[in-house]
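Hi,

Here is the structure I promised to pass on. Have a look at it first, and my notes on what turned up follow below.

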Amino acid sequence: MDFLALTTRAHHATGTTIAGIGADDWDRSTPCAEWTVRDIVKHLIDNNEHRAAQATGLPRKTRPTADDDLATSYEESSAEFLAAFSAPALEKTFDFGNFGPLPAKNALAVLFVDTLTHDWDLNTALGREHRWDDELAAAALTVASRYPDVMPVRGPGGAFDHAVEVPPDATPGDRLIALLGRSARPIPHR
């Protein structure tokens, strides 16, 4: 799979979602326990900045994170991230904290799943219908199906909760979010 191309598409979709967040939406609850819309967007910006610096070996650029700046900061950090993953960067190994060292191609695959899933989280929090790109969802499902069901990956306090059940006829997107411990049920808003 061409994870750079898939990640580029996921970044653009997520950027469109973030650009449509209103001033009253930042404190909304999300499917990510204890995270607001603001927290998810800041997390995505942080990932972009941190991983771009790792990929290029250059100092990390940090952007403003006031609510009025978040959409622009995401777009800028996303462009930097995508530009950083050139052929030389794909030969590196990335320190992924509790997950240990990962070859760049694997790290990019994990970041692709993260970005795509958080787009669903944001749309769900905003009360919008999320339209999955089935190709992206199927690719992310393939990657996420390899995640181990142990801490620090899964469980309370982990990156993801344990998988939840879905109907056999569920779409790839619904199977992805269920595999990552999310439910398609509406969430209560704060």
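Let's start with the largest cavity, whose lining is made up of His11, Leu44, Asn47, Asn48, Phe81, Leu111, Asp114 and Thr115. By cavity I mean a set of points on a 1 Å grid over the protein atoms alone where a 1.4 Å probe fits but cannot get out, and lining residues have an atom within 4 Å of a point. Its volume is about 40 Å³, taken as the space filled by probe spheres set on the points, with grid points joined across faces, edges and corners.

Before I go on, this is a predicted model, where local features need pLDDT of at least 70 and side-chain atom pairs count only at pLDDT 80 or more, while totals for chains, interfaces and linings use all residues. Residues are numbered from 1 along each chain as its sequence is written, and side-chain values use heavy atoms, leaving out hydrogens and water.

H2 and H4 each give at least two residues to that cavity's lining. (Helices are DSSP runs of H or I, at least four residues, numbered from the N terminus.)

Then there is the largest pocket, with about 1300 Å³ of space. A pocket is an open set of points with protein on both sides within 12 Å along at least five of seven lines. It has 42 lining residues, and Asp114, Val153, Gly158, Ala159 and Phe160 are the closest to its centre. Helix H2 (37-56) and helix H4 (104-125) each supply at least two lining residues here, and H4 has the largest share, with seven.

What about the packing? The largest nonpolar core has 36 residues, of which Phe112, Val113, Leu116, Tyr147 and Leu176 touch the most other members. Such a core is a set of buried Ala, Val, Leu, Ile, Met, Phe, Trp, Tyr and Cys residues joined through side-chain atoms within 4.5 Å, and buried means under 20% relative accessible area with a 1.4 Å probe, protein chains only. H4 again gives the largest share, nine residues. Leaving aside residues up to four places away in sequence, Tyr147 touches Val110, Val113, Val153, Arg154, Phe160 and Leu180, where contact means heavy atoms within 4.5 Å. A second, separate core has 14 residues, including Trp26 and Ile40.

Last, H5: its buried residues, among them Leu136 and Val143, pack against H1, H4 and H6.

Cheers

Notes. Buried < 20%, exposed > 50% of the residue type's maximum accessible area, 1.4 Å probe, protein only.
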